[in-house]
2 protein chains.
Amino acid sequence: MPASEGPGRRRDPEVDRRIAQAALEVFADTGWAGFAMETVARRAGVGKASLYLRWSSKETLLTDAVTLRLARVFDADTGTLHGDLVQLAGQVLDIYTGSTGRAASRLTLEAAAIPGVAAHYDAMRASQRHAARAIVRRGIDRGEVAGNVSVTLLLETLVGGAMMHALTTPPAALAADTSGYALRLVDFLLDAVTTQTAH
Amino acid sequence: MPASEGPGRRRDPEVDRRIAQAALEVFADTGWAGFAMETVARRAGVGKASLYLRWSSKETLLTDAVTLRLARVFDADTGTLHGDLVQLAGQVLDIYTGSTGRAASRLTLEAAAIPGVAAHYDAMRASQRHAARAIVRRGIDRGEVAGNVSVTLLLETLVGGAMMHALTTPPAALAADTSGYALRLVDFLLDAVTTQTAH
């Protein structure tokens with residue numbers, strides 16, 4: 001172990017970052033069943049002792065890795081419903097792309113069964129749901145959509161559609177047209193909402 | 001091992017079914033990283049020898065379990081686009097519900113990395129995509145939607161929305177309103193499509 005990483009010394013944030021990234025990748029590849037401190041240390045290119053110095057358990061390591069490295073949905077508040085939803089669709093496409101995307105999908109499946117991670121993940125999901133609903137509520141307040149719009153259907157088709165697209169589109173095609181797809185998806189769904197509420 | 005299960009004797013289809021179901025459940029719980037013949041045998045309540053008599057490897061066991069036990073999307077052909085899409089939404093809700101639903105989600109993530117399962121899974125996905133696209137193409141032929149409808153956006157929002165709903169709704173609430181949700185989802189999206197293509 002390098003002296004600079006010994007107890008009582010300042011921790012190197014670059015090493016923290018590298019370990020967190022390696023932890024997400026191991027989790028993406030093997031899930032919780034294959035998640036081991038030793039595997040993460042090897043992937044990050046650090047000693048196992050160096051890892052235990054920072055994290056005392058697999059649970060706290062994975063929780064911190066999710067917090068540090070996983071993109072998440074936040075409320076951008078661009079001033080229009082259309083702008084906010086395009087941001088939201090883009091964030092979902094980012095989250096479900098690449099190795100962090102596989103980690104995010106695995107969390108959906110496994111978080112409830114991982115001690116210590118479940119509560120953290122539930123709180124993260126609740127805050128994302130809250131952010132997404134706030135976007136639509138502001139649109140209603142500004143009169144951009146009617147008050148009787150189905151917030152649940154709009155958000156499930158938007159988030160689910162973007163997720164499905166990210167999971168089934170080849171990486172190169174996905175990267176080439178992320179913002180174009182987000183725009184077409186939102187136009188498609190907003191047209192549905194404005195027509196139906198005007199009935 | 002019971003004599004009736006010895007080599008050369010007729011295999012009991014009920015035992016096959018029980019093993020296939022146990023295999024899907026183990027895969028749902030732990031993914032490929034935790035998938036072992038011994039664990040499946042224990043879960044199914046059969047001897048390990050009884051399992052190896054039927055399947056020589058984990059790969060062939062999981063492939064057969066997926067074929068035998070996993071619900072899949074098929075083309076119902078009810079005569080109308082609306083009717084076909086409601087069937088499709090219902091099938092997706094069924095697939096992503098319960099323990100087989102977790103197995104289906106895991107396959108999305110892991111199939112490509114499991115030798116022998118990847119090709120089988122790709123063929124299954126291609127046939128499902130084909131069935132879904134045939135539904136929309138028949139709707140176009142019958143004049144129920146315009147020829148310039150975005151088939152990809154319609155199917156990604158429908159399948160993604162249903163999947164998202166199944167993955168995020170508590171099981172009891174989901175079971176109580178599966179067909180109601182399928183209907184609302186299809187009405188929501190078909191309105192979008194018929195308006196936009198009429199522009």
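Before counting anything, I settled what a polar contact is: a pair of N or O atoms within 3.5 Å, where, within protein, one must be able to donate a hydrogen and the other to accept it. I also reminded myself that this is a predicted model.

**Entry 1, the parts.** I looked up the domain assignment of chain A and found domain 1 (3-68) and domain 2 (71-198). Taken over C-alpha atoms, the centres of these two domains are 29 Å apart.

I counted six residue pairs in polar contact between domain 1 and domain 2 of chain A, both residues at pLDDT 80 or more. For salt bridges between the two domains, my count is one. I also noted a salt bridge that joins the side chains of A:Arg102 and A:Asp29, at 3.0 Å from N to O.

Which elements give two or more residues to the side of domain 1 that touches domain 2? I found α1 (13-30) and α4 (58-69) of chain A. α1(A) gives the most, with seven residues. Sorting that side by class, I got six nonpolar, five polar and three charged residues.

I see 14 residues of domain 1 in contact with 14 residues of domain 2. Between them the domains bury about 1200 Å², with 64% of it on carbon and sulfur atoms. In domain 1, A:Phe27, A:Ala28 and A:Val66 lose the most area to domain 2, together 38% of what that side buries.

Technical notes:
Residues numbered from 1 in each chain as written. Chains lettered and ligands numbered in written order. Predicted model: local features only at pLDDT ≥ 70, side-chain atom pairs only at ≥ 80, totals over all residues. Heavy atoms only, no water. Domains from an automatic or database assignment. Contact = heavy atoms within 4.5 Å. Buried area = accessible area lost by both parts, 1.4 Å probe. Salt bridge = Lys/Arg side-chain N within 4 Å of Asp/Glu carboxyl O. Polar contact = N/O pair within 3.5 Å; in protein donor to acceptor, adjacent residues only side chain to side chain. Helix = DSSP H or I, 4+ residues; strand = E, 2+ residues; numbered from the N terminus. Nonpolar A, V, L, I, M, F, W, Y, C, P; charged D, E, K, R; others polar.
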